[in-house]
Amino acid sequence: MNLLHKERDLARGYSEFAYAPVPTRMTKIIRKNWIWQAYRFIRLNIKIIRIVAFGHS
Amino acid sequence: MAKIVVIGAGISGHTVSSYLQHYLGKKHEIVVVSPNKNFQWVPSNIWVGVGRMKPKDIYFPLAPLYKKWNIDFKRALAKSIHPDGGEGFDKGYITIEYVTDEDKGKVEKVDYDFLVNATGPALRFDKTEGLGPHNGTSVSVCSYDHAAHAWEKLQESMEKMKQGIKQNIVIGIGHPGATCQGAAFEYVLNVYFEIKRKKLLDYADITWITNEYQLGDFAMGGAYIKYGGYITPTKVFTESFLAERGIHWIKQAGVQKIDKKTIYYEKLDGTYHELKYDFSMLIPAFSGPGIKAFGKDGEDITSKLFKPNGFMIVDADYTPKPFEEWKASDWPSKYQHPEYANIFAPGIAFAPPHTISKPHKSPNGTSITPAPPRTGMPSGVTGKIVAQNIRDWIKTGKPVMKHKASMAKMGAACIVSAGYGLTNGIAATMTVYPIVPDWEKYPDYGRSIKYTMGEPGLAGHWLKWFMHYMFLHKAKGYPFWYLLPE
């Protein structure tokens, strides 16, 4: 375990980084899930292309 | 036949010259002036800095491509602009000084009908005592050779960790007014990833140091995004990324000095602090490259063309006003000099009307405020519209100027890589629309919530990988390059 993670447990509620949300195990699994991420890859590409297209005339 | 001179061959300058040769063919003369012999895809420097790519993977030589495109490539530094002509020239000209071995120091005057100043930034390591890889003790990832040097130093640190020697790793912003927080943030996450991959985390204490008022400001005043069922500030998103990895952070910090072992910084509350380090990557301040300007009779008119920071004056509203009165319409849309209509400055070269982040000063009078970012997508988009406007002007004989791209109407995607690998990689994909908040159009959050988002995942890493190859394909002028977006 990272030293800071230990410190985080001790300092909970007192140090600033103790207030940041951390992902659950399920969130981490979804972030690496091929099927979901392939879908997000397509959606993100579409979104970025739209942003570029809107950005200039 | 018109003659267009482009100063700079980075993302913006190369975009301008690529599209101009595509639009105009060989009927008009295009000259590119740059001291660099290679084009580099700067966003991938991060991967060079952690040994995932070699410098040769992210650059290619410009001379063969420009020869094929019939572009006259002069490897030289631009020294001065003479927009009114003089000394035998009845139109504007620039003076350049060659940097190649055979012509080193040779000075030449190059006249123009249209001038595009797309120089990018000068890296001002000298603005922070002891900063930088050349005369200082920190490393940088601002260019591929800097990034390769950073990787060497990081390996030395990791070797010490393997011997059980704990290392303080400090990554962030090396000047109270510097920008490029996204790149530094990306580097800290990648360094963490590599240290974790080598199972050395117990021997590393990693700290993110930044001049941002809040994490997630990214020199854009932060943003609001849809995330986990809430509309939440990027502060939460960014802090979560660091907390998940056990990376400390220090915000509101203006680094003032660095020596072999210690970083000295001032906080926004006026207190002074010291931070010990073993490996440090800190982004320097940027400025314009210091090009001078002279009138017809040789009088110095630099202040007419450039702001004191060396960036070029364009069609922005530079009237000084308080933060509360800043408007989206202050930002330029044509990147054209207001007096010399045939001079343009896309990309980093233009002087922003003000910062995007709210300015803050410490009680000691130190401004600790990030400068506005103009790298990546804005550099490409502004370069393209400048090329389109010059093309229309040449073809119609009139300054039509119908192509516009204000940063207050333009979006940007920032893909913050946090690890490398087809199945193991991760990146935070962040989009903002527009880059500069428009509180009149979007009174709730300053930006479109539909198109402003942040999402960590493997898809982001694939996207960054895909963009690396796509943009190098485009820059190399491979088939159908002009169909690819900026």
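Tutor: Start with the hairpin of β13(B) and β14(B), where 2 residues lie between the strands and B:G228 takes a positive phi near 60°. One position to look for is B:K226, which has B:I231 of β14(B) opposite.

How far can the coordinates be trusted? For chain B the mean pLDDT is 95, and 100% of the residues reach 70 or more. Chain A has a mean pLDDT of 79, with 70% of its residues scoring at least 70. Within chain A the lowest confidence falls in helix α1 (residues 3-11) of chain A, with a mean of 52, while helix α2 (residues 25-32) of chain A has the highest, at 94. Where pLDDT is low, predicted coordinates should not be read in detail. For the complex, the predictor gives an ipTM of 0.84 and a pTM of 0.94.

Now turn to the sheets of chain B. One is an open sheet of 5 strands with parallel pairing, in the order β5-β2-β1-β9-β22. Its edges are β5 (72-74) and β22 (343-344) of chain B; each has a single partner strand, so one side of each has no neighbour in the sheet. Inside this sheet, β1 (residues 3-7) and β2 (residues 29-33) of chain B run parallel and share 5 bridges. B:K3 has B:E29 of β2(B) as its bridge partner.

Another open sheet of chain B has 4 strands in the order β8-β7-β6-β21, and its pairing is mixed. Here the edge strands are β8 (107-111) and β21 (292-293) of chain B, each with a single partner strand, so each is left with one side that has no neighbour in the sheet. The word "mixed" can be followed strand by strand. Strand β6 (residues 76-82) of chain B pairs with β7 (residues 93-98) of chain B in the antiparallel sense, over 6 bridges. Two of the partners to find are B:Y93 of β7(B) for B:H82 and B:T95 of β7(B) for B:S80.

Next come two helices. Packed helices are described by the angle and the distance between their axes. For α1 (residues 11-24) and α8 (residues 377-396) of chain B, the axes come within 8 Å and cross at roughly 35°. The crossing of α1(B) and α8(B) is right-handed. Residues in this contact include B:I11, B:T15, B:Y19 and B:Y23 from α1(B), and B:G380, B:G383, B:A387 and B:I394 from α8(B). Sorted by class, the contact of α1(B) with α8(B) has 10 nonpolar, 6 polar and 2 charged residues.

Helix α8 of chain B also holds B:D392. This residue counts as partly exposed because it has 17 C-beta neighbours inside 10 Å. Apart from neighbours within four places in sequence, B:D392 is in contact with B:V400 and B:K402. The C-alpha atom of B:D392 is 28 Å from that of B:I291, and the two residues are 101 apart along the chain.

Last, consider the other chain. Chain A has 3 helices and 0 strands, in the pattern α-α-α along the sequence. Of its 57 residues, 18% are buried. The contact between the chains takes 35 residues from chain B and 25 residues from chain A. On the side of chain B that touches chain A, the elements that give two or more residues include α6 (234-245), α8 and α9 (458-475) of chain B. The largest share of that side, 6 residues, comes from α6(B). By class, the side of chain B that touches chain A has 19 nonpolar, 8 polar and 8 charged residues.

Methods:
Residues are numbered from 1 along each chain as its sequence is written. Chains are lettered from A and ligands numbered from 1 in the order in which they are written. This is a predicted model: local features need pLDDT of at least 70, side-chain atom pairs count only at pLDDT 80 or more; totals for chains, interfaces and linings use all residues. Axes are lines fitted to C-alpha atoms, for helices over the stretch in contact, and angles run from 0 to 180 degrees between N-to-C directions. A crossing is left-handed if the near helix is turned anticlockwise from the far one by less than a right angle, and right-handed if clockwise. Two residues are in contact if their C-beta atoms, placed from the backbone, lie within 7 Å. Ala, Val, Leu, Ile, Met, Phe, Trp, Tyr, Cys and Pro count as nonpolar, Asp, Glu, Lys and Arg as charged, and the others, Gly among them, as polar. Two strands pair if DSSP finds at least two bridges between them. pLDDT is the predictor's confidence in each residue, from 0 to 100. A residue is buried if 20 or more other C-beta atoms lie within 10 Å of its own, exposed if 12 or fewer, and partly exposed in between; C-beta atoms are placed from the backbone.
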